[in-house]
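Open the model in your viewer and keep the selection panel at hand.

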Amino acid sequence: MRTFSVLNGLSVISLANGEEIGKIIDLLFFETNVKGVMVDKKGWLNRHLFVPIEEIHAIGKDALTIKDVESLLIYDKKKYPFYTLHNGVNHIGGKPLMTTEGETVGLVEDVYFNEKLGNIVGYEVTDGLIADIKEGKQVLKTNSPLTIGEEVLIIDLNC
């Protein structure tokens, strides 16, 4: 199980030629399924690229590897209308997370996911710096997808 914060900033390397393509900047998902990662491409005309999860060869401590650059797609929000953790219109990071029982538990800070299966298994929430220091961050686990609204996210902890 991994968190996105461990992936954030990792280099993406092509196994075909050893080229560093760019750095991971976001996680793309729909419901409870991780669809891939968003990569900030190196160079002057940098465009955000999309690496589908099935094209990821391995996720290591220092880099994420792919077979070759043909595994990459240009990220188009209309073609791939996924949710993101931090970047884009459909991001969930920093939004309040509320239970179906009406209790606000904090702001979403990170996502836990199973890299082999590609499914999201939990959400890390913060209640502010002082609460994090005193009590630590909470990890809420669920098998059901979030209800994602404009202002608030809703999690069912009974699943």
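This is a predicted model: local features need pLDDT of at least 70, side-chain atom pairs count only at pLDDT 80 or more; totals for chains, interfaces and linings use all residues.

**Whole chain**

Select everything and show the C-alpha trace. Along its principal axes it spans about 50 × 35 × 30 Å. The radius of gyration is 16 Å; a compact globule of 159 residues would have one near 15 Å, so the two agree.

Now colour by accessibility. Buried residues account for 42% of the 159 residues. Switch to the surface: its accessible area is about 9,000 Å², and carbon and sulfur atoms hold 51% of that.

Next, draw the contacts between residues at least 6 apart in sequence. Of these, 44% join residues at least 24 apart.

Finish the overview with the charges. There are 16 positive and 23 negative ones, and their mean positions lie 7 Å apart.

**Aromatic pairs**

Show the aromatic rings. How many aromatic pairs does the structure hold? There are five. Select Phe50 and Tyr80 to see a tilted pair, with 4.8 Å from centre to centre and 45 degrees between the planes.

Phe50 belongs to strand E5 (residues 48-52), while Tyr80 sits in the loop between strand E8 (73-74) and strand E9 (83-84). The pair links distant parts of the chain, 30 residues apart. Phe50 is buried, at 4% relative accessible area. Tyr80 is buried too, at 12%.

Move on to Phe29, Phe30 and Tyr83. Ring pairs link these residues into a cluster.

**Ile92**

Select Ile92, in the loop between E9 and strand E10 (96-99). Is Ile92 buried or exposed? Its relative accessible area is 0%, so Ile92 is buried.

Leaving out residues up to four places away in sequence, Ile92 touches Phe29, Thr84, Leu85, Val108, Val111, Tyr123, Leu146, Ile148 and Leu153. Phe29 is also part of the ring cluster with Phe30 and Tyr83.

Ile92 and Glu150 are 58 residues apart along the chain, yet their C-alpha atoms are separated by 9.4 Å.

**Ala63**

Jump to Ala63, in strand E7 (residues 63-66). Its relative accessibility is 17%, and the cut-off for buried is under 20%, so Ala63 counts as buried.

Which residues does Ala63 touch, not counting those up to four places away in sequence? They are Leu10, Ser11, Ile13 and Ala58.

**Glu31**

Last stop: Glu31. Find this residue in the loop between strand E3 (20-30) and strand E4 (33-41). Check the backbone torsions. Most residues other than glycine have a negative phi. Glu31 is not a glycine, but its phi is positive, about 55 degrees.

Glu31 is partly exposed, with a relative accessible area of 45%.

Notes. Residues are numbered from 1 along each chain as its sequence is written. Side-chain values use heavy atoms; hydrogens and water are left out. Rings of Phe, Tyr and Trp (its six-membered ring) pair if their centres lie within 6.5 Å; planes under 30 degrees apart count as stacked, over 60 as edge-to-face and the rest as tilted. Helices (H or I, at least four residues) and strands (E, at least two) are DSSP runs, numbered from the N terminus. Buried means under 20% relative accessible area, exposed over 50%, partly exposed in between (1.4 Å probe, protein chains only). Contact means heavy atoms within 4.5 Å. The radius of gyration is taken over C-alpha atoms; the globule rule is 2.2 Å times the number of residues to the power 0.38. Accessible areas come from the Shrake-Rupley method with a 1.4 Å probe; for residues, only the protein chains shown count as cover. Lys and Arg count as positive and Asp and Glu as negative; His and the chain ends are not counted. The place of a charge is taken as NZ of Lys, CZ of Arg, CG of Asp or CD of Glu.
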